[in-house]
Amino acid sequence: MTAEHPEKLLSPVLSDSWDDDRPWTLDTYRRHDGYKGLHEALRMDPDAVIALVKDAGLRGRGGAGFPTGMKWQFIPQGDGKPHYLVVNADESEPGTCKDIPLLFANPHVLIEGMVIASYAIRCSHAFIYLRGETVPVLRRLQAAVAEAYQAGYLGKDVLGSGFDLDITVHAGAGAYICGEETALLDSLEGRRGQPRLRPPFPAIAGLYACPTVVNNVESIASVPSILHRGKEWFRSMGSEKSPGFTLYSLSGHVTNPGQYEAPLGVTLRQLLDMTGGVREGHRLKFWTPGGSSTPMFTDQHLDVPLDYEGVAAAGSMLGTKALQVFDETTCVVRAVTRWTEFYAHESCGKCTPCREGTYWLVQLLRRIEDGKGVEGDLEKLNDIADNINGKSFCALGDGAASPIFSSLQYFREEYEQHLREGRCPFDPAASTVWADDARGPRGHVPTHTTAQEKGVLA
């Protein structure tokens, strides 16, 4: 793999049409084999579709990595209840930015995947729960759904198969907690978004107390190509336990940030080599493999395979493949403070460890960052994070604790420097995008050349 030949590393499937003219339209999608997977699925028994997705090894792309086919298999059949499919498009974690660009550029791949998944689990009404602030994406989704209805891919008797399906696009009011699947279901039902006690799990009692599958956008969007090209093709990419392709979101102090679609198991070093590396004149300090809720890595982890097993073995989580890169100008304490402020603000307040713990983490971190920290603050930080981790009602608390633990593990000396000197030793302006640009804050930001980098969105 070289920077001159990125196609040797990238595997554009979901992003294959992104550099076409009007890629979001039905005509463009059909030119790229759109809805051929659906034709294949409708010729199969629903259980055979589930078995195919399960054998392909597709794992959930929303963070947990749970096998998608197995999740579908949990839906009880012959129970006499309606079954529902809910797509989680409430993308809002700091650094995570793959689903919204995918929906904006190629909404029909999600719709086709939803029809296939609904057919497999015997669902006649599916929902897309979208973050409400993304109004342009909402409009594009609504237009794509209307196109699908008109073309016969949705509604009564889909493609003459006797299968009926309606899709509702729902715009949420905007709350990070609604990314948690049971809080999403409560919000979709019109209640305040708060996580539910489990069991029962959504597969047994989900939306409207009926069997429900909740999947991430990218998970469902990956299904059509499996039906069209086969499980062997899908397994030819990635690793044995983490097969297939995925979108890596590269952001931060890098020369060319963007979405890079590659097989699971590539490394950050490979992606940086292909995209121009860390911004010129600087070096990598720390990075996140899966968004702000995953334990951070340093330059010693550049060659960790970015698949579920590789990242877990190194002490973090692949999460949403949100690769946030920070160079040596960044104050770790400042970065962790900003993340923790987000988690404190977005805590739903249902459980005490998260509601109270994130508040006190913010107070301590602000004190340290302002140079007013005292001896014992680092132990308090660790203790509070430990009282949140694994003890909160949902995973938001665990996500808030992750950057605390990992930053203390790798950068404790930097915290101690704040305490010794009574100030932050970093200049906040040095880490800005315009810091090294002689033309000032409105200087040019490099963009991609799509002809050179197929499958990459600037």
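## Model and confidence

The model is a predicted one, and its pLDDT averages 92 over the protein, with 94% of the residues scoring at least 70.

## Salt bridges

In the pair formed by Glu40 and Arg43, the closest N and O atoms are 2.9 Å apart; Glu40 counts as partly exposed because its relative accessibility is 31%, whereas Arg43, at 61%, counts as exposed.

Arg59 and Glu309 form another salt bridge, with the closest N and O atoms at 2.6 Å. This pair links distant parts of the chain, since Arg59 lies in the loop between helix H3 (46–56) and helix H4 (68–73) while Glu309 belongs to helix H14 (residues 308–313), and the two are 250 residues apart. Arg59 is buried, with a relative accessible area of 15%, but Glu309 is partly exposed, with a relative accessible area of 29%.

Asp90 and Arg131 also form a salt bridge, here with 3.5 Å between the closest N and O atoms. Distant parts of the chain are again linked, with Asp90 in the loop between strand S1 (84–89) and helix H5 (99–105) and Arg131 in strand S2 (residues 125–131), 41 residues apart. Asp90 counts as buried at 5% relative accessibility, and Arg131 is buried as well, with a relative accessible area of 12%.

In helix H8 (residues 181–188), 8 of the 8 residues are buried, so the helix is largely enclosed by the rest of the structure.

## Aromatic rings

A pair of aromatic rings is described by the distance of the centres and the angle of the planes. The structure holds 17 aromatic pairs. In the pair of Tyr35 and Tyr153, the ring centres are 3.7 Å apart and the planes stand at 0°, so the pair is stacked. Tyr35 lies in the loop between helix H1 (26–31) and helix H2 (36–42), and Tyr153 in the loop between helix H7 (135–151) and S3, so the pair ties together parts that are 118 residues apart in sequence. Tyr35 counts as buried at 0% relative accessibility, and Tyr153 counts as buried at 6%.

The rings of Tyr84 and Phe127 have their centres 6.1 Å apart and their planes at 55°, so this pair is tilted. Because Tyr84 lies in strand S1 and Phe127 in strand S2, the pair ties together parts that are 43 residues apart in sequence, and both residues are buried. Elsewhere, ring pairs link Phe286, Phe326, Trp339 and Phe411 into a cluster. Arg140 lies over the face of Trp24, at 3.6 Å from the ring centre, and also over the face of Phe104, at 3.9 Å from the ring centre.

## Cysteines

How many disulfides does a search of the whole structure find? The search finds 0 disulfides. Cys123 is in no disulfide, and the nearest cysteine sulfur, that of Cys210, is 11 Å away; Cys123 is buried, with a relative accessible area of 1%.

For Cys348, the closest cysteine sulfur is in Cys394, at 6.1 Å, which is too far for a bond, because a disulfide requires the two sulfur atoms to be within 2.5 Å. Cys348 is also buried, with a relative accessible area of 14%.

Technical notes. Residues numbered from 1 in each chain as written. Predicted model: local features only at pLDDT ≥ 70, side-chain atom pairs only at ≥ 80, totals over all residues. Heavy atoms only, no water. Salt bridge = Lys/Arg side-chain N within 4 Å of Asp/Glu carboxyl O. Buried < 20%, exposed > 50% of the residue type's maximum accessible area, 1.4 Å probe, protein only. Helix = DSSP H or I, 4+ residues; strand = E, 2+ residues; numbered from the N terminus. Phe/Tyr/Trp six-rings, centres within 6.5 Å; stacked < 30°, edge-to-face > 60°. Lys NZ or Arg CZ within 6 Å of the ring centre and 35° of its normal. pLDDT = per-residue confidence, 0-100.
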